[in-house]
Amino acid sequence: MHASRRLRAFRRWMKSQGIQCSDTLDFMDCPQQGISVRALSDLHEGDVVAKIPKTACLTIKTSGAREMIESAGLDGHLGLSVALMYEKSLAQDSPWAGYLQLLPPQECLPLVWTLGEVDSLLSGTELHKAIKEDKTLMYEDWKENILPLVYSAPQSLNPSSFSVKEYFAARSLIASRSFQIDEYHGFGMVPLADLFNHKTGAEDVHFTSVSPNQEYEDDVDSENGDNNELSKISSHDKRDSTCENSYIHSDSESDYSSVTGEDPMMLQMIMVREVKSGDEVFNTYGSLGNAALLHRYGFTEANNPFDIVNIDLELVLKWGCSLFSSRYCRARLSLWRRINISGSVSENSEYFEVSSDGEPELELLTLLYIMLLPDDTCHKLDISICTADKVSANIGMILAEKHDITWSTSSEISKDLLLTEKVCRALLALADIRESCYGSKSIDEDVEALERCCMTERKLYHSLMLRISERRILEKFRTYATAGAQSQTFQDANGTSTRKRLKKH
């Protein structure tokens with residue numbers, strides 16, 4: 001469908017709001033895939049294809065519910081959710097009616113799936129626990145902040161428009177469509193900007209505030225949209241930040257402009273590379289793996305180079321306790337921490353990333369190495385901690401003695417030297433433990449299910465894509481460990497040392 005009725009209504013609304021959209025952009029409305037943006041003629045780097053007044057953006061500051069929201073002390077995601085629900089409740093009376101009619105009731109994010117769907121479709125994946133925690137926290141937010149507001153607001157509000165279902169729907173739209181606008185407005189819904197689809201590593205168009213004192217190139221050279229001023233908002237940010245200023249279209253905004261050197265009223269959409277006529281124009285939400293894409297935006301990508309799998313510290317300790325006593329494992333873990341090493345931390349969990357090529361983090365290898373050290377060597381390491389010049393020096397000196405290599409405190413630890421036969425066996429055991437989280441179905445069964453699945457079955461399709469991408473990484477993780485074990489066996493059989501120098505800075 002080339003120009004649907006809702007798109008024509010949206011174009012009329014944009015014109016009424018002063019949104020300037022280049023005639024070189026065309027909107028396509030496909031019932032299966034939604035709206036996309038295509039080039040009607042060749043687009044070139046530096047072309048300004050749209051200008052969007054900030055007053056056309058739906059934010060806490062611009063919403064008709066602003067006074068109610070600020071009086072209740074709400075901001076961030078909570079405040080914007082109220083603003084969005086309020087404007088939707090006004091239907092055609094909302095100043096954003098022409099924009100809101102273009103949005104789906106909610107995005108198909110795991111956040112709005114039922115608990116049964118989350119348990120059956122996401123079990124074992126990186127998202128399973130995170131989504132359940134999200135749902136719990138957001139329900140508490142609604143109960144503690146939104147529900148009281150409905151019955152205490154000065155104006156009469158329809159409770160059904162602010163129900164927990166509507167709140168979750170609003171949060172799904174905000175997670176997948178909102179942008180950071182500026183320090184003054186915070187973040188909000190940016191009409192037109194949210195119509196561009198994502199493609200990893202293929203940013204065609206960039207969104208930015210007009211800044212006369214800053215060169216265009218300086219603004220768009222950031223690695224991805226997550227680092228720029230106008231960037232996608234992550235649904236991981238469950239608790240909200242504070243927006244300090246209030247929207248007064250006079251002195252305070254003039255002061256803001258004089259301080260920042262920005263035009264406080266305008267956003268631009270600028271091409272950052274060539275796009276041929278007829279091709280789709282893409283935005284890039286960031287360098288995100290499939291777990292993050294599904295969590296925040298409701299879709300996945302095949303062969304995503306940013307996919308990862310996490311090995312929780314809890315799983316490592318589970319493996320350790322299958323071989324050693326709990327006291328032994330705690331002591332070795334404590335020793336690992338004393339040399340200032342830790343895994344990645346998210347909320348209350350600690351974990352180790354395995355990259356898309358199956359390679360684990362150095363921190364995991366170091367922990368396994370320490371777990372498997374003989375008692376006398378471990379005691380030596382314990383004593384050396386207080387005298388080392390660098391945190392890695394303790395392990396480095398032990399490796400230097402074992403492999404007859406040169407060591408200095410400016411050296412880095414090589415992963416190859418940590419891959420003893422025992423460490424490799426530990427990696428294989430961890431792969432089996434992590435794989436067991438997916439249940440009894442094999443990866444081949446998941447692949448067959450995906451082949452039978454239709455893209456319109458979005459929940460099943462993208463959850464299978466996530467499961468398969470994670471399990472493929474675990475296969476590569478096993479290959480990495482097996483190759484390391486074979487290399488070590490070959491060296492032992494030939495009585496040779498690795499004779500590798502530690503990497504220099």
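N303 is exposed, at 78% relative accessibility, where exposed means over 50% relative accessible area, buried under 20% and partly exposed in between, with a 1.4 Å probe and protein chains only. This is a predicted model, in which local features need pLDDT of at least 70, side-chain atom pairs count only at pLDDT 80 or more, and totals for chains, interfaces and linings use all residues. Residues are numbered from 1 along each chain as its sequence is written, and side-chain values use heavy atoms, with hydrogens and water left out.

N303 is not a glycine, yet its phi is positive, near 55 degrees. L192, also not a glycine, has a positive phi of about 80 degrees. L192 is buried, with a relative accessible area of 0%. The table places both residues among helices (H or I, at least four residues) and strands (E, at least two), which are DSSP runs numbered from the N terminus.

| Residue | Phi | Loop between |
|---|---|---|
| L192 | about 80 degrees | β6 (186–189) and β7 (205–209) |

The axes of helix α12 (residues 326–338) and helix α13 (residues 362–371) come within 9 Å and cross at roughly 130 degrees; axes are lines fitted to C-alpha atoms, for helices over the stretch in contact, and angles run from 0 to 180 degrees between N-to-C directions. The two helices, α12 and α13, are therefore oblique to each other, since angles under 35 degrees count as roughly parallel, over 145 as roughly antiparallel, 65 to 115 as roughly perpendicular and the rest as oblique. In α12, Y328, C329, R332, L333, L335 and W336 meet E363, T366, L367, I370 and M371 of α13, contact meaning heavy atoms within 4.5 Å.
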